[in-house]
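Colleague: I am new to this structure and would like to go through it with you. Could you show it to me, please?

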Amino acid sequence: MLKPIAQAKAREDAYEMISEIKGQALLDGAKGMTPVKKEALVDILVKLSRFVEAHPEIKAFDLNPLFADSQGVVAADARIILKKCFRR
């Protein structure tokens, strides 16, 4: 589980968020696994942060699960919930 995506405005913030993941050892290649391409995770976090910031109508954003490996990252599912808009 990551902190709110809005906190990943800079690459350094995204790297810090990734370093706090409970399964960090798996990302680094524990148990004989190939390390994941963290740069791809960072790119997604920063781009999503900028996307949410550019669209204030977004109330919530859920991207789950993300599959990461040495080649990159793929999102299996995403959900965006918009704030209610009232017209008069």
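Predicted model: local features only at pLDDT ≥ 70, side-chain atom pairs only at ≥ 80, totals over all residues.

Colleague: What average pLDDT does the protein have?

Modeller: The average is 87, and 90% of the residues score at least 70. Here pLDDT is the predictor's confidence in each residue, from 0 to 100.

Colleague: Let us turn to helix H3. What span should its 17 residues have?

Modeller: Helix H3 covers residues 38-54 and should span 24 Å at 1.5 Å a residue; its end C-alpha atoms are 24 Å apart, which agrees. The expected span is 1.5 Å times one less than the number of residues.

Colleague: Which residues of H3 are buried?

Modeller: Lys38, Ala40, Leu41, Val42, Leu45, Val46, Leu48, Ser49 and Val52 are buried. Buried means under 20% relative accessible area, exposed over 50%, and partly exposed in between (1.4 Å probe, protein chains only).

Colleague: What do those buried residues pack against?

Modeller: They pack against helix H1 (11-19), helix H2 (24-27), strand E1 (58-63), strand E2 (66-68) and strand E3 (73-75).

Colleague: How many salt bridges are there?

Modeller: The count comes to two, a salt bridge being a side-chain nitrogen of Lys or Arg within 4 Å of a carboxyl oxygen of Asp or Glu. In one of them, the side chains of Asp43 and Arg11 meet at 2.6 Å, N to O. That pair links distant parts of the chain, with Asp43 in helix H3 and Arg11 in helix H1, 32 residues apart.

Colleague: And what does Asp28 pair with?

Modeller: Asp28 forms a salt bridge with Lys38, the closest N and O atoms being 2.5 Å apart. Asp28 lies in the loop between H2 and H3 and Lys38 in helix H3, so the pair ties together parts that are 10 residues apart in sequence. Asp28 is partly exposed, with a relative accessible area of 42%.

Colleague: Where is Ala8 found, and is Ala8 buried or exposed?

Modeller: Ala8 is in the segment before H1, and at 0% relative accessibility Ala8 counts as buried. Leaving aside neighbours within four places in sequence, Ala8 is in contact (heavy atoms within 4.5 Å) with Asp13, Ala14, Met17, Leu45, Val46 and Ser49.

Colleague: How far apart are Ala8 and Arg50?

Modeller: Ala8 and Arg50 are 42 residues apart in sequence and 8.4 Å apart in space, C-alpha to C-alpha.

Colleague: Turning to the backbone, which residues does a cis peptide bond join?

Modeller: The cis bond joins Asn64 and Pro65, with omega about 0°; Pro65 lies in the loop between E1 and E2.

Colleague: What phi does Lys31 have?

Modeller: Lys31 has a positive phi of about 55° although it is not a glycine. Lys31 is found in the loop between H2 and H3 and is exposed, with a relative accessible area of 79%.

Definitions and conventions: Residues numbered from 1 in each chain as written. Heavy atoms only, no water. Helix = DSSP H or I, 4+ residues; strand = E, 2+ residues; numbered from the N terminus.
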